[in-house]
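Welcome! Please take a look at the structure below, and then let us walk through some of its features together.

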Amino acid sequence: MFSRYKKNGATSAPVHPALMTDPDAAVQPDIDPTSAPPEAAPKSKILRRSKPKSTETAAEPVAQDKEKKRRARLDEIKTEMHSRLLDNLNLSALENAKEAELRTEINTITSEELSDMGVVLNREDRTTLQTELFDEVTGLGPLEPLLKDDTVNDILINGPFNVFIERAGKLQKSDVRFKDERHLLRIIDKIVSAVGRRVDESNPYVDARLKDGSRFNAMVPPVGVDGSLVSIRKFKKDKLQIDDLVEFGAFNEEMAAYLQAAVATRLNVIVSGGTGSGKTTTLNALSSFIDNSERILTIEDTAELQLQQEHVGRMESRPPNVEGKGAVTQRDCLRNALRMRPDRIIVGETRGEEVIDMLQAMNTGHDGSMTTIHANSARDGVSRLENMIAMAGIEMPIKAVRSQIASAVNLIVQASRLQDGSRRMVSITEVTGMEGEVISMQEVFRYERLGLKPDGTIIGRFTATGVRSHYSERFRQWGYDLPTSIYEPAGD
Ligand SMILES: Nc1ncnc2c1ncn2[C@@H]1O[C@H](COP(=O)(O)OP(=O)(O)OP(=O)(O)O)[C@@H](O)[C@H]1O
Ligand SMILES: [Mg+2]
């Protein structure tokens, strides 16, 4: 039986010829190196350079100036209104209030107070003010529109006036700003106090999770030199699935079929990559290949994974409290997990001493386990594992460390965020054993860069390297008889 990666009944994409069971029916992969990845079209607008200054008409600076003044006036009114609102609203009743009720209440108080202050606003400014006040009172102020905007992936704040967002893989400055550092600090405080944490001069950095599941990190002055630094990785309710990743050009159908075989036949997989390269997304998508009958335990610092299986136990590590007590590390969770009869263990990111327990778990009956690491290539990933073991204080000869790694890890999937903002799986490498003191590896698939379009989009294609999988016999025995054509390199 050969099982394609797509579930039965899925009709969104045609079966790739290379994945058909009948090898005679297979034709060469139809990859057009000149075609832009699907996301390129909407992106082109964002990628467009801003107009050179010289082409600006004289009216533009005047308009910008006017807009600035309008914004400054609105900000002033908002600050005053905010404190008046807090005086007027019954804060303890806020939590249970219905949104519509609260909006009406805020609008009424705003109108009363505005006339009390003798301020007249046009309808547009009044609506803006009311929305912002609502966000300020109930939510996270200026961050609210960005949190609600599904096209925003990351929000990165460098002090109150520099708010950047990542959209379609590109970082751009947003119009959103805080009134001043105090305003930003108040919002940070609101976030962290909701999860029982504190951030101040003596505790200048903190990790937290927003109500919607987004990952949050803040570092406040004096460590943040020019104001607070905040990073938010937005939680995606609908995580990208294998089909989406194939469609977005993160990898191709042959690689998807190969990965399905690898995960289903319980190879131990490490997803390696830089910050924000798509490691967690890939790990999450790969987990969809795990059989529904298996008991899966997940361990993360911030719970991001969303597994589709029925039998999933999720664990989240916990930092120490203000008195420095009560920490539960990933390693603690992992050790405990081994007593919880898991079929598979998934660690969101291995970054420290838990590496030892992870490798042991992979070596001792929990095959099919998965994790991610920060590294720039498969080789680099292995060195990272060696370093983590050394840092954890384990004194073992390097050869023993390497053979432990070689027998634990079967596959390293390298994710990368390319310079055009696209995220791709640039290499799939198998760990095949040891040769002397060196871990032997073979790359099975890779992304080849062929050039650059004038708009900065990278032209490239995925190709097999021509090496047949070290695990093809295992795949076959488990019923994943991949056609040999998927290991043939793409022609010129
Ligand atoms: N192939 C892809 N195409 C488009 N967007 C993607 C792709 N892969 C991931 N993303 C988006 O990129 C962002 C970062 O992805 P992800 O959280 O998986 O990265 P990461 O490598 O785990 O980051 P970190 O190092 O911060 O943990 C997310 O918002 C995710 O939705
Ligand atoms: Mg991650």
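A residue is near a molecule if its C-beta atom, placed from the backbone, lies within 6 Å of it.

## Around the ligand

By that rule, 16 residues surround ligand 1, and the closest are Asn153, Gly278, Lys279, Thr280 and Thr281. Helix H10 (residues 279–286) gives the most to this shell, with 3 residues. Helices (H or I, at least four residues) and strands (E, at least two) are DSSP runs, numbered from the N terminus. The shell around ligand 1 divides into 4 nonpolar, 8 polar and 4 charged residues. Here Ala, Val, Leu, Ile, Met, Phe, Trp, Tyr, Cys and Pro count as nonpolar, Asp, Glu, Lys and Arg as charged, and the others, Gly among them, as polar.

## About the model

This is a predicted model: local features need pLDDT of at least 70, side-chain atom pairs count only at pLDDT 80 or more, and totals for chains, interfaces and linings use all residues. Residues are numbered from 1 along each chain as its sequence is written, while chains are lettered from A and ligands numbered from 1 in the order in which they are written.

## A sheet of 6 strands

An open, antiparallel sheet has 6 strands in the order E3-E2-E1-E6-E5-E4; two strands pair if DSSP finds at least two bridges between them. At the edges, strand E3 (170–173) and strand E4 (205–209) each pair on one side only. The twist averages 15° from one strand to the next.

Strands E5 (residues 215–219) and E6 (residues 229–233) run antiparallel and are joined by 5 bridges. Met219 has Leu229 in E6 as its bridge partner.

## A sheet of 9 strands

Another open sheet, with mixed pairing, is formed by 9 strands in the order E9-E8-E10-E11-E7-E12-E13-E14-E15. Strand E9 (312–316) and strand E15 (458–464) each have a single partner strand, so one side of each is left without a neighbour in the sheet.

Strand E8 (residues 296–300) pairs with strand E10 (residues 344–347) in the parallel sense over 4 bridges. For Leu297, the bridge partner in E10 is Ile345.

## Two helices side by side

Helix H11 (residues 330–337) packs against helix H12 (residues 354–363) at an angle of about 25°, with their axes 8 Å apart. Axes are lines fitted to C-alpha atoms, for helices over the stretch in contact, and angles run from 0 to 180 degrees between N-to-C directions. That angle makes H11 roughly parallel to H12, a term for angles under 35 degrees.

Technical notes. Parallel < 35°, antiparallel > 145°, perpendicular 65-115°, else oblique.
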